[in-house]
Amino acid sequence: MTFVNLLLAVLLLALAAWTTLARNMFAAVVGFIAYGALLALAWVQLSGIDIALTEAAIGSGLTGLLLLNAASRLHVNANAGGNTGRSRLRVPAALLSAAVSGALMLCVFALPETPPTLAPDVAANLASTEVRNPITAVLLAFRAMDTLLEAIVLLFALIGVWSLSSDPHWGGRPGLRQYSEPNGILAYTARVLPPIGIVVGAYIFWTGADYPGGKFQGATLLAAMWLLVLMAGLADAPPIRRTWLRVALVAGPLAFIAVGFLGLQTAGAFLAYPEGFVKPLIIAIELALLPSLTLVLGLLLLGAPLRGEEP
Amino acid sequence: MADVLLAAAGIILVTVALGLVPIVRGASATDNILAVQLFGTGGVAVLLLLGAVSGAEAIVDVALTLALLSAFVSVAFVKSYPAASSDVTRSSAMYECRA
């Protein structure tokens with residue numbers, strides 16, 4: 001096992017070096033995505049399987065796509081401006097990153113033998129939350145407020161992205177219209193893979209109550225499948241002015257807030273759960289958040305509207 | 001049995017690392033895209049082997065997620081890597097994915 005861990009550590013460092021030193025942005029994005037995949041492996045070795053799921057889904061997949069879109073837009077602008085060479089900020093940025101990493105390593109080594117942690121308290125109170133995955137218990141029962149605020153922050157981020165659209169395109173469809181050959185491999189993949197991806201995403205969402213998983217990872221998979229269908233041109237992105245889109249986006253956080261006020265009435269505190277109703281309420285919150293999260297993640301990656309509402 | 005599985009995981013990681021070498025030396029867009037695929041597939045294989053060794057069944061979920069997302073990322077790369085279209089005109093064996 002130590003040989004595998006050592007090899008993993010060496011590979012991670014090599015990939016990090018390649019990502020920093022790559023000649024062009026696309027090679028760097030390739031390095032970043034591969035780095036994310038190996039980082040998921042590292043998390044598994046550290047027994048953080050929920051984190052490994054999130055890293056593989058969001059850290060490597062969706063963030064990689066975000067960087068890819070950014071790189072292609074910068075590439076277009078850079079070719080027009082003619083400046084694709086290395087900037088002088090690279091070396092200072094690398095040194096600063098190395099300094100921060102060194103400081104973090106020192107802090108980790110300076111931790112006391114038994115680091116201060118609330119994990120035993122969580123384990124002691126896990127039975128009262130009626131879920132068996134301690135991470136889900138923390139996210140949706142003990143620190144449900146943080147999860148609510150995270151969902152709202154995602155909506156704010158989406159509004160921020162939408163605000164980048166130009167005036168004539170406001171309310172229109174994000175991204176350019178995609179096409180692919182109707183009998184080609186891309187259209188075939190976009191027809192065959194999404195049903196499998198949707199089943200896997202729904203499964204990972206459902207199993208998060210007792211085993212690693214949850215709504216975030218499930219929503220990421222569903223959003224990735226939706227984006228795949230859009231990339232193959234089998235469907236078009238909805239105009240952001242549509243009422244159903246906006247209702248679906250806010251429905252999840254609103255349901256979460258409603259459950260919070262319900263807890264205020266029945267159990268005495270905002271987002272407290274009354275005895276015996278904990279699991280149904282948690283499932284209700286997750287079911288309400290899943291479509292909203294899927295839409296938010298997909299729309300964040302599609303970007304600002306680039307065209308009007310006509311198809 | 002666990003040792004055999006761990007050795008297999010180590011060998012796959014070494015193979016993936018060797019696949020990194022031509023990329024570091026500077027490679028075409030096609031090679032970069034294939035490197036992403038290699039890391040995804042190699043990562044799935046190593047995850048499944050590690051899951052068999054440690055007995056944690058949830059690792060299979062991570063492997064499922066990684067497999068789906070690496071397929072998705074490969075498609076995204078082919079659609080947005082600008083140099084890839086010049087690769088297409090150069091090598092006739094590459095499948096044209098843009099209409």
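What is the relative accessibility of A:Arg177? A:Arg177 stands at 31% and counts as partly exposed (buried is under 20% relative accessible area, exposed over 50%, partly exposed in between; 1.4 Å probe, protein chains only). The views below come from a predicted model, in which local features need pLDDT of at least 70, side-chain atom pairs need pLDDT 80 or more, and totals for chains, interfaces and linings use all residues. Residues are numbered from 1 along each chain as written, chains are lettered from A and ligands numbered from 1 in written order, and side-chain values use heavy atoms, without hydrogens or water.

**View 1. A:Asp236 forms salt bridges with A:Arg173 and with A:Arg177.**
A salt bridge is a side-chain nitrogen of Lys or Arg within 4 Å of a carboxyl oxygen of Asp or Glu. A:Asp236 meets A:Arg173 at 3.6 Å, N to O. This pair links distant parts of the chain, 63 residues apart. A:Asp236 sits in the loop between helix H9 (215-231) and helix H10 (243-267) of chain A, while A:Arg173 belongs to strand S1 (residues 173-174). Helices (H or I, at least four residues) and strands (E, at least two) are DSSP runs, numbered from the N terminus. A:Asp236 is partly exposed at 22% relative accessibility. A:Arg173 is buried, at 11%.
The closest N and O atoms of A:Asp236 and A:Arg177 are 3.8 Å apart. A:Arg177 is in the loop between S1 and helix H8 (185-207) of chain A and A:Asp236 in the loop between H9 and H10, so the pair ties together parts that are 59 residues apart in sequence. A:Arg173, A:Arg177, A:Asp236 and A:Arg307 are linked in a network of salt bridges. Over all chains, the count comes to seven salt bridges.

**View 2. A:Glu309 and A:Arg242 join in a salt bridge.**
The closest N and O atoms lie 3.2 Å apart. The two residues are 67 positions apart and link distant parts of the chain. A:Glu309 follows strand S2 (305-307) of chain A, and A:Arg242 is in the loop between H9 and H10. A:Glu309 is partly exposed, with a relative accessible area of 24%. A:Arg242 is also partly exposed, at 33%.

A:Ser47 lies in the loop between helix H2 (25-45) and helix H3 (49-81) of chain A. Its relative accessible area of 64% makes A:Ser47 exposed. A:Glu130 lies in the loop between helix H5 (119-125) and helix H6 (134-142) of chain A. A:Glu130 is partly exposed, at 33%.

**View 3. Chain B packs against chain A through 39 of its residues.**
These residues touch 51 residues of chain A (contact means heavy atoms within 4.5 Å). About 4,100 Å² is buried between the chains, and carbon and sulfur atoms give 85% of it. Buried area is the accessible area (1.4 Å probe) that two parts lose on being put together, summed over both. B:Leu13, B:Leu68 and B:Phe72 supply 16% of the area that chain B buries against chain A, more than any other three residues. H1, helix H2 (29-54) and helix H3 (58-80) of chain B each give at least two residues to the side that touches chain A. H3(B) gives the most, with 17 residues. The count of salt bridges between the two chains is zero.

**View 4. B:Asn32 is buried in helix H2 of chain B.**
Its relative accessibility is 3%. Neighbours within four places in sequence aside, B:Asn32 contacts A:Trp18, A:Ala27 and A:Val30 in chain A, and B:Ile23, B:Ala27 and B:Tyr81 in chain B. Chain B has four helices and zero strands. Of its 99 residues, 45% count as buried.

**View 5. A:Phe3, B:Val14, B:Leu18 and B:Val21 make a nonpolar surface patch of about 360 Å².**
Patches are made of residues with over 30% relative accessible area and no salt bridge: like charges are joined within 9 Å, nonpolar side chains (Val, Leu, Ile, Met, Phe, Trp, Tyr) within 5 Å. Helix H1 (residues 2-24) of chain B gives the largest share, three residues. B:Val21 is placed in this helix H1 of chain B. B:Val21 is partly exposed, with a relative accessible area of 41%.

Notes. Accessible areas come from the Shrake-Rupley method with a 1.4 Å probe; for residues, only the protein chains shown count as cover.
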